[in-house]
Amino acid sequence: MGTTDHFPDPHLDEPDYYGSSEEQQVRPVNWNLLTADEARAEWLDLDKWVNWLRRTYGLPPAVLPPFWHRHDELIWELSALHLHWLACYDPDASGSAPLAWHHDFAEARNRLREWVSTAGTRLDHDRPTRQTIWPGEPLPPASLERVIENRDEDFVQFVNEDLTARRRVEQRVDAFVQQQAQTAGSSGSRDGGR
């Protein structure tokens, strides 16, 4: 797999997000479009914040399980909640913004609880989220529950696999762009540069 990325300690007290709004502009994160480098930064930031969130609010695994990173529905919800928190606790935010965040956090906990229940992930075991197969779709491979032995090690492995997959896509796109440029260049020289 190549070199293994090592990650900072996710158990630090509080996220260090208190700079000027010029330094840290909050923007939506589209996980589908991130490059490997962008994804690495987002994963580390989100993981640090999620650890802070679960400790600060005493969230049980029925709301925030250890393998949240292996469930897309939890990633998207937690990512949105994180960005909302950043915006509401920005030094330039309204004084009532934190109250709005807590209101939305209460609703988000209900959604998280529902998704964790559907996903079937628990404190000590995890399985992929079950998918409903629509008529005509092939059956997915059988997925087994697995024991969670070390959450932090699994997170590092998961992120490294994600980054490797993103780098492969980036390499394919770069190769395609280079091929298109070469094709355009060779057809231009054959046409006499018309």
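Contact here means heavy atoms within 4.5 Å. By that criterion, and leaving aside neighbours within four places in sequence, leucine 78 is in contact with Leu46, Trp49, Val50, Leu53, Leu64, Trp68 and Leu112. This is a predicted model, in which local features need pLDDT of at least 70 and side-chain atom pairs count only at pLDDT 80 or more, whereas totals for chains, interfaces and linings use all residues. Residues are numbered from 1 along each chain as its sequence is written, and side-chain values use heavy atoms, with hydrogens and water left out.

**Overall architecture**

The protein chain contains four helices and two strands, arranged along the sequence as α-α-α-β-β-α. Helices (H or I, at least four residues) and strands (E, at least two) are DSSP runs, numbered from the N terminus. Of the 194 residues, 34% count as buried, where buried means under 20% relative accessible area, exposed over 50%, and partly exposed in between (1.4 Å probe, protein chains only). The accessible surface comes to about 12,500 Å², with 52% belonging to carbon and sulfur atoms; such areas come from the Shrake-Rupley method with a 1.4 Å probe, and for residues only the protein chains shown count as cover. Among contacts between residues at least 6 apart in sequence, 74% join residues at least 24 apart.

**The nonpolar core**

A nonpolar core is a set of buried Ala, Val, Leu, Ile, Met, Phe, Trp, Tyr and Cys residues joined through side-chain atoms within 4.5 Å. The largest one has 33 residues, of which Trp43, Trp49, Leu53, Trp68, Leu78 and Trp101 touch the most other members. Helix H1 (36-57), H2, helix H3 (97-119) and helix H4 (151-190) each supply at least two residues of this core. In soluble globular proteins, nonpolar side chains tend to be buried together.

The expected span of a helix is 1.5 Å times one less than its number of residues.

| Helix | Residues | End-to-end C-alpha distance | Expected span |
|---|---|---|---|
| H1 | 22 residues | 31 Å | 32 Å |

The axes of H1 and H3, which are lines fitted to C-alpha atoms over the stretch in contact, with angles running from 0 to 180 degrees between N-to-C directions, come within 15 Å and cross at roughly 90°. H1 is therefore roughly perpendicular to H3, a class that covers 65 to 115 degrees, while angles under 35 count as roughly parallel, over 145 as roughly antiparallel and the rest as oblique. In this pairing, Trp49, Leu53 and Tyr57 of H1 meet Trp101, His102 and Phe105 of H3.

The buried residues of H1 include Asp47, Lys48 and Asn51 as well as Trp43, Leu46 and Val50. In H3, Ala97, Trp101, Phe105, Ala108, Leu112, Val116 and Ala119 are buried, and their cover includes H1 and H2.

**Two individual sites**

Glutamate 77 lies in helix H2 (residues 72-88) and counts as buried because its relative accessibility is 9%. Apart from neighbours within four places in sequence, glutamate 77 is in contact with Ala108, Arg111, Leu112 and Trp115.

Alanine 142 is found in the loop between strand S1 (125-126) and strand S2 (146-147). With a relative accessible area of 77%, alanine 142 is exposed. Alanine 142 and proline 128 are 14 residues apart in sequence, and their C-alpha atoms are 9.9 Å apart in space.
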